[in-house]
Protein chains: 2
Amino acid sequence: MESADIKKAGLKVTLPRVKILEILEQNHEAHLTAEDIYRCLLEAREDIGLATVYRVLTQFEGVGLVRKHNFEGGQSVYELDTGQHHDHILCLDCGKIIEFVDEEIERRQQAIAEQNGFELEEHSLTLYARCNRCPNRDGEGR
Amino acid sequence: MESADIKKAGLKVTLPRVKILEILEQNHEAHLTAEDIYRCLLEAREDIGLATVYRVLTQFEGVGLVRKHNFEGGQSVYELDTGQHHDHILCLDCGKIIEFVDEEIERRQQAIAEQNGFELEEHSLTLYARCNRCPNRDGEGR
DNA sequence: ATGTATGCAAATTGTTTGCATCGTC
DNA sequence: GACGATGCAAACAATTTGCATACAT
């Protein structure tokens, strides 16, 4: 149950927090922008301001409930932090996002960081591609 | 010579374009923000507006002279596009950036995209790490 | 009851655009 | 001389912040 997670994180259980967490859980496979979430709330007739959405997301990120990604293009997107790390494939045509993990890549990254005298903390890997579901709009693409 | 590159790209050879390209070449190892470049220009007593810097960078990106990256944190950074692709290691402490290429990772990415039914166009991989040059400010870091 | 969280509007920040003028070809 | 390029200021978009009020504990 989500309110438990909020409390466990040391945050007061408030309606906006619960609602936002719910939306993130319901759209678990999606990667939502702050505006997306705000729009969901409006549709659900919840009277929650956009500023609050940003504030809550930032707090959630701080306590590790949520991950934030900066893909290409202005907005940041947020997803629930399920604990298991993963990278992303993003379809340039339809925007669909797929998650994946590749042990070999993980290992290589670790090795590369070490070879260069770094201690690896994090990484971000995104593949920009075209899924063959898409009606490949313009023949060959970009 | 840089003005040749500009002409070759089909752009008029203007002072702002030449100057900006020069700055990018001089700081070849750095990854500069639009503001960084603007500041360089000011120091060099060149009367070039920030808007022009953005316009020129965007055009340069369009013709493949420059690559744009969205690392963590607001600003985009730009670097000369030397043709050879590479990824980045970014030091969380001092901001230093190292470039690398790993054939194994490149191969795996290609394979992963295919396995998931995608045609890979591009990718962005950044390792966030701590270089052991840095006086590891706060013991264990974040 | 207390102090934190929220809503709203205003402020910031990074980037883009409109328009009159300037410079390159 | 023509037409694209520039400078400046205003416009925008995403996100953050100040402040009076509302709410969880």
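## A paired sheet in chain B

Four bridges join S2(B) to strand S3 (residues 77-80) of chain B, and the two run antiparallel. Strands are DSSP runs of E of at least two residues, helices are DSSP runs of H or I of at least four residues, and both are numbered from the N terminus. Two strands count as paired if DSSP finds at least two bridges between them. Within S3(B), Val77(B) is the bridge partner of His69(B).

These strands belong to an open sheet of three strands in chain B, with the order S1-S3-S2 and antiparallel pairing. Its edge strands are strand S1 (32-33) and strand S2 (66-69) of chain B, each of which pairs on one side only. In general, strands of a sheet pair through backbone hydrogen bonds, either parallel or antiparallel.

## Basis of the description

This is a predicted model, in which local features need pLDDT of at least 70 and side-chain atom pairs count only at pLDDT 80 or more, while totals for chains, interfaces and linings use all residues. Residues are numbered from 1 along each chain as its sequence is written, chains are lettered from A and ligands numbered from 1 in the order in which they are written, and side-chain values use heavy atoms, with hydrogens and water left out.

## Chain A in outline

The secondary structure of chain A consists of five helices and six strands. Along the sequence, these elements follow the pattern α-α-β-α-α-β-β-β-β-α-β. The C-alpha trace of chain A spans about 45 × 45 × 25 Å along its principal axes.

## The interface of chains A and B

Chain A and chain B each contribute to their contact (heavy atoms within 4.5 Å): 34 residues come from chain A and 34 residues from chain B. The size of an interface is often given as the accessible area lost when the parts come together. Here the buried area is about 3,100 Å², and carbon and sulfur atoms give 59% of it; this is the accessible area (1.4 Å probe) lost on putting the two parts together, summed over both. In chain A, the residues that lose the most area to chain B are Phe118(A), Glu121(A) and Leu127(A), together 19% of what that side buries.

The interface holds four salt bridges, a salt bridge being a side-chain nitrogen of Lys or Arg within 4 Å of a carboxyl oxygen of Asp or Glu. Glu121(A) takes part in a salt bridge with Arg130(B), where the closest N and O atoms are 3.0 Å apart.

## Elements at the interface

On the side of chain A that touches chain B, two or more residues come from each of strand S4 (87-91), strand S5 (97-100), helix H5 (103-115) and strand S6 (118-131) of chain A. S6(A) gives the most, with 14 residues. By class, this side has 15 nonpolar, eight polar and 11 charged residues. Ala, Val, Leu, Ile, Met, Phe, Trp, Tyr, Cys and Pro count as nonpolar, Asp, Glu, Lys and Arg as charged, and the others, Gly among them, as polar.

S6(A) is joined by 13 bridges to strand S6 (residues 118-131) of chain B, and the two run antiparallel. One of the partners in S6(B) is Ala129(B), which is bridged to Leu120(A).

## DNA strand D

Around DNA strand D there are 19 residues, of which Tyr54(A), Thr14(B), Asp47(B), Thr52(B) and Arg55(B) come nearest; a residue is near a strand if one of its heavy atoms lies within 4 Å of it. Of the atoms of DNA strand D within 4 Å of the protein, 70% belong to sugar or phosphate and the rest to bases.

An N or O atom in the side chain of Tyr54(A) is 2.3 Å from a phosphate oxygen of DNA strand D, and for the side chain of Arg17(B) the corresponding distance is 2.9 Å. Helix H4 (50-62) of chain A, together with helix H2 (15-26) and helix H4 (50-62) of chain B, each give two or more residues to the surface near DNA strand D.

## DNA strand C

DNA strand C is surrounded by 19 residues, the closest being Thr14(A), Asp47(A), Thr52(A), Arg55(A) and Tyr54(B). Sugar and phosphate make up 67% of the atoms of DNA strand C that come within 4 Å of the protein. A phosphate oxygen of DNA strand C is 2.5 Å from an N or O atom in the side chain of Thr52(A).

Lys12(B) has a polar side-chain atom 3.4 Å from a base nitrogen of DNA strand C, and another contact of Lys12(B) places a polar side-chain atom 3.5 Å from a sugar or linking oxygen of DNA strand D.

Terms used:
Polar contact = N/O pair within 3.5 Å; in protein donor to acceptor, adjacent residues only side chain to side chain.
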